Amino acid sequence: MGKQKIKNQIRRLRFNANEMTQEELAKKAGVTRQTIIALEAQKYSPSLELAFKIAKVFNVPLEKVFQYN
């Protein structure tokens, strides 16, 4: 069984949110811009708390931001 990854729609959601920058999202979620970069590149899986914070920033359900196969 291969390693499962959490996929996300952060880049698309940022674009749809008036082209929100990575820095803006990072500030709203309480993390660094580097964390957002790693999330978008799927090199990092967020904590449950961070996943909920990001979903709240975009005002969407968690499943609209993150998907697990």
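**View 1. The buried side of helix H3 (residues 33-40) in this predicted model.** Four residues here are tucked away: Thr-35, Ile-36, Leu-39 and Glu-40 are buried (under 20% relative accessible area with a 1.4 Å probe, protein chains only; exposed is over 50%, partly exposed in between). They sit on the same side of H3, because they span an arc of only 130° around the axis (taken from the directions from the helix axis to the C-beta atoms). Their cover includes strand S1 (6-8), helix H1 (10-16), H2 and H4; contact means heavy atoms within 4.5 Å. Helices (H or I, at least four residues) and strands (E, at least two) are DSSP runs, numbered from the N terminus. After H3 comes Gln-42, with a positive phi near 60°.

**View 2. The two faces of H2.** Gln-22, Leu-25, Ala-26 and Ala-29 are buried. H1, H3 and H4 are among what covers them. On the face turned away, Lys-27 and Lys-28 are exposed. Gly-30 follows H2 and has a positive phi, near 75°.

**View 3. Where H2 meets H4.** From H2, Leu-25, Lys-28 and Ala-29 meet Leu-50, Lys-53, Ile-54, Val-57 and Phe-58 of H4. By class, that contact has six nonpolar, no polar and two charged residues.

**Notes.** Residues are numbered from 1 along each chain as its sequence is written, and side-chain values use heavy atoms, leaving out hydrogens and water. As the model is predicted, local features need pLDDT of at least 70 and side-chain atom pairs count only at pLDDT 80 or more, while totals for chains, interfaces and linings use all residues.

How values were computed
Ala, Val, Leu, Ile, Met, Phe, Trp, Tyr, Cys and Pro count as nonpolar, Asp, Glu, Lys and Arg as charged, and the others, Gly among them, as polar.
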